[in-house]
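Come along as I look things up.

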Amino acid sequence: MTKTARGNFFEDFTLGQEIVHATPRTVTEGDVALYTALYGSRFAVNCSDPFAMDLGLAAAPLDDFLTFHFVFGKTVPDISLNAVANLGYADGRFLRPVYPGDTLTAVSQVIGLRELSNGKAGVVYVRSTGTNQADEVVLDYVRWVMVNKGDVNAPAPAETIPELPAAVAARDLVVPEELDFSAYDTVLSGSAHLWNDYSVGEKIDHVDGITMEEAEHMLATRLYQNTARVHFNQVMQAESRFGKRLIYGGHIISLARAISFNGLGNASFIAALNGGRHVAPSFAGDTIFAWSEVLDKAEIPGRPDIGALRIRTVGVKNQPATDFPDKGADGKDHAAVVLDLDYWVLMPRG
């Protein structure tokens, strides 16, 4: 017997299995400061207590993707320690603001299993739920991940692929009851563009690029207590097809979110994560750019101060996004595309 954990392999998962993840995490202002240092995000509601309090909030809440990373990180030792790749996300909703001092825990349920045709790995679908110290759900989302088999001769489970919505319906978006955008200050927020100023089909080149460093992406991943070996273990990764450590896909998400401030500076809250793909791997030394497209607009019933935009943000590496790199005529992704993210944001209507 051994006291060390090898992590779960594909054959260790069963349909309907519930996994309570270890290590509750109390979020501190230090975590927020480090997140800001890593990505340089400038959304005013996450940076200023007085700004947030003028909107009815108790204080400046965490950036919603920082909440996502903390919940995601809790799941890694049980779900994706032996992953080949994290493949995608769907049906995610941010249900309650998280503040410094809150304690986050996570639980996942296996909702789908599919072995690959080569018999060496399989795809595991899980719904993960993050709660705070009052047992209130703050985040709920689905992801699917390719996980190696520990024993290639282990029998394949019956294939079950969950049905997932193409997007969270606008009527299901949750707006914090206390949030009031009527006093929103566009001078302090740094952007004059409000919900009324955006049109469906509009594309925005966010212009700025950020080059990723080895130490930064590892520091970020450790911040979330994400233990996936592909991000840290160069001895292991030297034997992989890439020969080096992969950058956690969530690091790209946060960089793209920070870059999107230039053009979406009042997209103050992420309300839902409709879908997302890590299209290609990224490595230290790559420079990330981003562009976004407005896919949809929705009014919030009973809330004349708040509107929702459905945004698709595309992350691009090592070239500007001036020409909006996307899919070619053959349907294949442009070689520079590394991230394709579909999400709802809440904005003051103006």
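I am working with a predicted model, where local features need pLDDT of at least 70, side-chain atom pairs count only at pLDDT 80 or more, and totals for chains, interfaces and linings use all residues. Residues are numbered from 1 along each chain as its sequence is written, and side-chain values use heavy atoms, with hydrogens and water left out.

**Entry: the cavity**

I searched on a 1 Å grid over the protein atoms alone: a cavity is a set of points where a 1.4 Å probe fits but cannot get out, a pocket is an open set with protein on both sides within 12 Å along at least five of seven lines, and lining residues have an atom within 4 Å of a point. Grid points are joined across faces, edges and corners, and a volume is the space filled by probe spheres set on the points.

I found 1 cavity of 30 Å³ or more. The largest cavity has a volume of about 140 Å³. It is lined by 17 residues, and D64, F94, P97, P176 and F269 are the closest to its centre. Both α4 and β9 give two or more residues to this lining, and β9 has the largest share, 3 residues.

I sorted residues by class: Ala, Val, Leu, Ile, Met, Phe, Trp, Tyr, Cys and Pro count as nonpolar, Asp, Glu, Lys and Arg as charged, and the others, Gly among them, as polar. The lining of the largest cavity has 13 nonpolar, 2 polar and 2 charged residues.

The largest pocket holds about 930 Å³ of space. I noted 39 lining residues, with V84, A85, N86, V230 and L246 the closest to its centre. Strand β3 gives the most to this lining, 6 residues. By class, I read 22 nonpolar, 12 polar and 5 charged residues there.

The second largest pocket holds about 190 Å³. Of its 14 lining residues, L95, R96, P97, E136 and E178 lie nearest its centre.

**Entry: aromatic rings**

I paired rings of Phe, Tyr and Trp (its six-membered ring) if their centres lie within 6.5 Å; planes under 30 degrees apart count as stacked, over 60 as edge-to-face and the rest as tilted. That rule gave me 17 aromatic pairs.

F51 and Y184 have ring centres 5.3 Å apart and planes at 85°, so I logged the pair as edge-to-face. F51 lies in helix α3 (residues 49-54) and Y184 in the loop between β6 (137-148) and α5 (186-189), so this pair ties together parts that are 133 residues apart in sequence. Both F51 and Y184 are buried (under 20% relative accessible area; exposed is over 50%, partly exposed in between, with a 1.4 Å probe and protein chains only).

F68 and Y89 are also edge-to-face, because their centres are 5.5 Å apart and their planes at 80°. F68 is in helix α4 (residues 64-79) and Y89 in strand β3 (residues 83-94), 21 residues apart. I also saw ring pairs link a cluster whose members include F68, Y89 and F94.

**Entry: strand β12**

Is strand β12 enclosed or open? I found 12 of the 12 residues of β12 (residues 337-348) buried, so the strand is largely enclosed by the rest of the structure. Strands pair if DSSP finds at least two bridges between them. Strand β9 (residues 269-278) runs antiparallel to β12, with 8 bridges, and G275 has D342 as its partner. Strand β11 (residues 303-317) is also antiparallel to β12, with 11 bridges, and T313 stands opposite L341.

Notes
Helices (H or I, at least four residues) and strands (E, at least two) are DSSP runs, numbered from the N terminus.
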